[in-house]
Amino acid sequence: METSQQLSYAIRTPVCTSAGDGPCGRGRDAALIESDPRFSAHTSRRLAHRPEAVGHARRIVQSALNAWCIDDDAAHSVLLVVSELVTNAVEHAQPPIALHLRRENTGLRVWVGITDGGPSARDGAWTASCAPDEHGRGLAVIEALAAAHGADSHAGGTTHWARLSVAYGAC
């Protein structure tokens, strides 16, 4: 379960500039991750409640996994789980959305959580516009890749999480 200190990191609002910072491009997030001492084991970032949040989350996580020297195959699995969790939050939950990523000290594992504002009364634009057989496989993907996964409800909404075993590569 997240502590209030860990969740407080999610309060940072992404900033977009013409230099490509925040959710609009690579820019500042990669630099923040590399220079932020809190990121050595954990980070949280607020994400926009829109489809572009998936790419933004993947860039943040990729930078962290690179800094942690996570093997490419393991990194691919973590990125796929992040994509599924963020997509589900955008399509099926209310804002706000926050990404939480933690390297666990035991067992060579990475924990990822996506906090949202709780279930939405309506599906997102993509889900509402496609045939039922074009969506709905995200949970099966997460189950196949994660050592454990779940959801924790709390006053601010719900945190959907997954724990993945990883290996270290050359750095």
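Which residue in β5 is the bridge partner of Ala151? The points below take up this pairing and its surroundings.

1. Basis of the note. The model is predicted, so local features need pLDDT of at least 70 and side-chain atom pairs count only at pLDDT 80 or more, while totals for chains, interfaces and linings use all residues. Residues are numbered from 1 along each chain as its sequence is written, and side-chain values use heavy atoms, with hydrogens and water left out.

2. The pairing of β4 with β5. The bridge partner of Ala151 in β5 is His160. Strand β5 covers residues 157-165 and pairs with β4 in the antiparallel sense over seven bridges; two strands pair if DSSP finds at least two bridges between them. Further along, Asp152 stands opposite Thr159, and Ser153 stands opposite Thr158. A hairpin of two residues joins β4 to β5. Strands (E, at least two residues) and helices (H or I, at least four) are DSSP runs, numbered from the N terminus.

3. The other neighbour of β5. Strand β3 also pairs with β5, in the antiparallel sense and over eight bridges. Here Ile114 stands opposite His160.

4. The whole sheet. Five strands form an open sheet in the order β1-β2-β3-β5-β4, with antiparallel pairing. The edge strands, each pairing on one side only, are β1 (42-47) and β4 (148-154). From one strand to the next, the twist averages 15°.

5. Helices on the sheet. Helix α3 (residues 53-67) packs on the sheet and touches β1, β2 (97-104) and β3 (109-116), where contact means heavy atoms within 4.5 Å. The direction of α3 makes about 165° with that of β1. Helix α4 (residues 72-92) also packs on the sheet, touching β1, β2, β3 and β5, and its direction makes about 10° with that of β3. Axes are lines fitted to C-alpha atoms, for helices over the stretch in contact, and angles run from 0 to 180 degrees between N-to-C directions.

6. Helix α4 in detail. At the start of α4, a side-chain oxygen of Asp71 comes within 3.0 Å of the backbone nitrogen of Asp73.

7. A charge over a ring. Arg102 lies over the face of Trp111, at 4.4 Å from the ring centre. The rule asks that NZ of Lys or CZ of Arg be within 6 Å of the ring centre and within 35 degrees of the ring normal.

Definitions and conventions: A polar contact is a pair of N or O atoms within 3.5 Å; within protein, one must be able to donate a hydrogen and the other to accept it, and residues adjacent in sequence count only if both atoms are side-chain atoms.
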